[in-house]
Amino acid sequence: MDLIHFKYWFDCLKDSNFLFIAGPCSAESEEQVLQTAKALNNIPLVKVFRAGVWKPRTSPNSFEGRGQEALEWLKLVKEQTDLLTATEVANAKHVEQVLRSEAIDIVWIGARTTGNPFSVQEIAQALRGTDIPVLIKNPVFPDLRLWLGAFERFYKVGLRKLAAIHRGFYPMVKQKLRNIPKWEVPIELKTEYPQIPIIGDPSHIAGLTDYVGEIAQKYLDFNFDGLMIEVHTQPSKAMSDARQQLTPDQFTQLLDKLKFRKPDFDEDFVDKLAKYRMQIDSIDYQIIELLGQRMDIVKKIGAYKNAHDISIFQLDRWKEIVISRIKMGLSLGLDKDFIRNFIQLIHKESINQQIKIRKNGTKRKKTN
Ligand code: PEP
Ligand code: MN
């Protein structure tokens with residue numbers, strides 16, 4: 001992809017360093033759409049209004065969006081505010097409806113769609129001949145090549161106004177955030193294609209309003225190009241993603257708290273430091289996630305040993321663990337004592353967990 005001047009269209013969209021996109025997860029009614037859009041129109045930083053017209057839901061019994069009629073409401077947003085409008089398209093039919101409606105300025109490709117090359121190809125072909133901006137969310141699984149493949153498909157049909165949205169990745173184990181940031185993936189995208197603007201989506205990473213602010217700040221610190229944040233006039237009544245949407249007031253408070261980088265900062269220094277920190281954060285999250293997985297298995301072993309009256313501590317197994325882990329650590333240039341201490345700490349916690357299981361098991365046996 002020849003991406004020279006790629007960022008120009010994006011820079012034209014915003015008049016600050018950052019592009020803010022805000023709006024409800026879904027367009028639910030004319031009143032909800034217009035009320036939210038008018039509230040956001042009063043916030044000068046917001047340039048684009050987002051609202052899902054078709055919603056990709058896990059269950060077919062969930063609200064799947066209002067479809068065609070919602071496009072009419074978005075047209076009213078264009079008529080009654082200064083905001084540009086954006087919505088998700090997931091197939092060629094959506095694209096046809098969007099283009100016919102003249103209600104939408106920008107489309108985005110949802111995370112589930114980016115993971116499906118057939119759908120991406122179909123959408124790209126339906127958009128051929130237009131110059132509508134396309135924002136491409138990362139696929140649900142952390143596959144950078146697949147994400148870049150989607151860019152290439154749009155690029156090949158002549159679209160040049162492309163940007164990425166980082167919305168995090170599906171967590172294999174339940175954790176604090178709805179989606180894991182895995183910062184190393186957008187960093188790699190940024191390193192390989194510095195011309196592709198990247199917008200952060202803290203709402204879908206957070207899953208809960210409590211965490212939206214801290215993640216939004218990270219995006220600013222890490223020098224991303226924009227933010228997409230879900231805002232709803234009555235989040236508790238939202239028909240999708242109720243727990244992660246902010247009210248317009250909460251959103252204003254969040255914007256007030258955000259610390260924008262000083263323009264006289266040394267860009268290179270910030271970028272480098274931010275990149276390293278992002279990588280460290282991401283690796284730490286993954287270490288903790290893996291520790292959680294390890295402890296889950298330890299609990300299963302504990303229950304099994306308990307059921308078969310096998311002793312918790314097995315000397316031979318422990319010796320083998322220490323030797324093999326130290327060997328692996330040494331091959332990676334890690335200090336022998338560091339690895340021994342680290343594995344001992346994990347082992348101690350594993351034994352504690354198994355002792356707890358044994359105690360509970362014994363209690364249960366007594367009460368039986
Ligand atoms: C959305 O933006 O509302 C949405 C469905 O996002 P994602 O594709 O990231 O899950
Ligand atoms: Mn949503």
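A: In α13, Asp 316, Ile 323, Lys 327, Met 328 and Ser 331 are exposed (over 50% relative accessible area, 1.4 Å probe, protein chains only; under 20% is buried and in between is partly exposed). The model is predicted, so local features need pLDDT of at least 70 and side-chain atom pairs count only at pLDDT 80 or more, while totals for chains, interfaces and linings use all residues. Residues are numbered from 1 along each chain as written, chains are lettered from A and ligands numbered from 1 in written order, and side-chain values use heavy atoms, without hydrogens and water.

Now the other side of the helix. Trp 318, Ile 321, Val 322, Ile 326 and Gly 329 of α13 are buried. Seen down the axis, the buried residues of α13 fall within an arc of 115 degrees, so they line one face of the helix (the arc is that of directions from the axis to the C-beta atoms).

Next, its length. Helix α13 covers residues 315-331, 17 residues in total. At 1.5 Å a residue they should span 24 Å, and the end C-alpha atoms are 25 Å apart, which agrees (the expected span is 1.5 Å times one less than the number of residues). Just after α13, Gly 333 takes a positive phi of about 80 degrees.

Step back to the whole chain. It has 14 helices and eight strands (DSSP runs numbered from the N terminus: helices are H or I, at least four residues; strands are E, at least two). The C-alpha trace spans about 75 × 55 × 40 Å along its principal axes. Of the 368 residues, 48% count as buried. Among contacts between residues at least 6 apart in sequence, 75% join residues at least 24 apart (a contact means heavy atoms within 4.5 Å).

Lys 93 is exposed, with a relative accessible area of 58%. Its C-alpha atom is separated by 17 Å from that of Arg 112, 19 residues apart along the chain. Ser 101 is also found in α4. At 11% relative accessibility, Ser 101 counts as buried. Leaving out residues up to four places away in sequence, Ser 101 touches Leu 71 and Lys 75.
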